[in-house]
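Welcome! Here is a short briefing to read alongside the sequence and the 3D view.

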Amino acid sequence: MACLQYDPQGAEILMDYCAGKLDGTRSAELEAHIEECFSCKEAVDGQRRLWETLDAWKPVEVSPGFDATLYSRIAAEAERPWWRRALWKPLIPVAAAGVLALALVRMPPSPPAPVKTPVASSDRIDLQQVEQALDDMDMLTPVGQTSSSRL
């Protein structure tokens, strides 16, 4: 028998085997394969544990008036006006997204970061040269002019 993992109907065969629906020859073939294939043995064991758990499960009893209460709530919901029903609830995330988008559009752009350019050695200011240039300009200024009339 081929491994259940590679058989397109492997899951269905496994379910039928665990439910006891396989015929005798097919069931015997599967049992022989399970003895040799570890992964199929794990799958069968897991499926058996699941069936045992489902068989042991006892559903909770519903209250005697459950059906009447359910139908009355459904009728009350149907009588409410359309705008008070739960139809508006999906609009809350849409509205929140719209408010967020509007807030993002209205935010002022952040100022660009100042660009720092490296200063070349030829661009550095020599204070002695500046002082010398100012002194030279003072010497060139005529004697009768004051500094306010020069500007």
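**The nonpolar core**

The largest nonpolar core has 11 residues: Cys-3, Leu-4, Ile-13, Leu-14, Tyr-17, Cys-18, Leu-30, Ile-34, Cys-37, Cys-40 and Val-44. A nonpolar core here is a set of buried Ala, Val, Leu, Ile, Met, Phe, Trp, Tyr and Cys residues joined through side-chain atoms within 4.5 Å. Buried means under 20% relative accessible area, exposed over 50%, and partly exposed in between, with a 1.4 Å probe and protein chains only. Two or more core residues come from each of α1 (10-19), α2 (24-36) and α3 (38-56), and α1 gives the most, with four residues.

This is a predicted model, in which local features need pLDDT of at least 70 and side-chain atom pairs count only at pLDDT 80 or more, while totals for chains, interfaces and linings use all residues. Residues are numbered from 1 along each chain as its sequence is written, and side-chain values use heavy atoms, with hydrogens and water left out.

**The chain as a whole**

- The chain has seven helices and zero strands; helices (H or I, at least four residues) and strands (E, at least two) are DSSP runs, numbered from the N terminus.
- Of the 151 residues in the chain, 11% are buried.
- Among contacts (heavy atoms within 4.5 Å) with a separation of 6 or more, 50% link residues 24 or more positions apart.

**Residues to look at**

- Val-44 sits in helix α3 and counts as buried because its relative accessibility is 1%.
- Leaving out residues up to four places away in sequence, Val-44 touches Leu-14, Tyr-17, Cys-18 and Ile-34.
- Val-44 and Met-15 are 29 residues apart along the chain, and their C-alpha atoms are separated by 8.7 Å.
- Cys-40 touches Cys-3, Leu-4 and His-33, again not counting residues up to four places away in sequence.
- Ser-27, in helix α2, is buried because its relative accessible area is 16%.
- Beyond its neighbours within four places in sequence, Ser-27 is in contact with Tyr-17 and Leu-22.

**Helix α5**

- Helix α5 (residues 91-106) has 16 residues and reaches 22 Å from its first C-alpha to its last, close to the 22 Å expected at 1.5 Å a residue; the expected span is 1.5 Å times one less than the number of residues.
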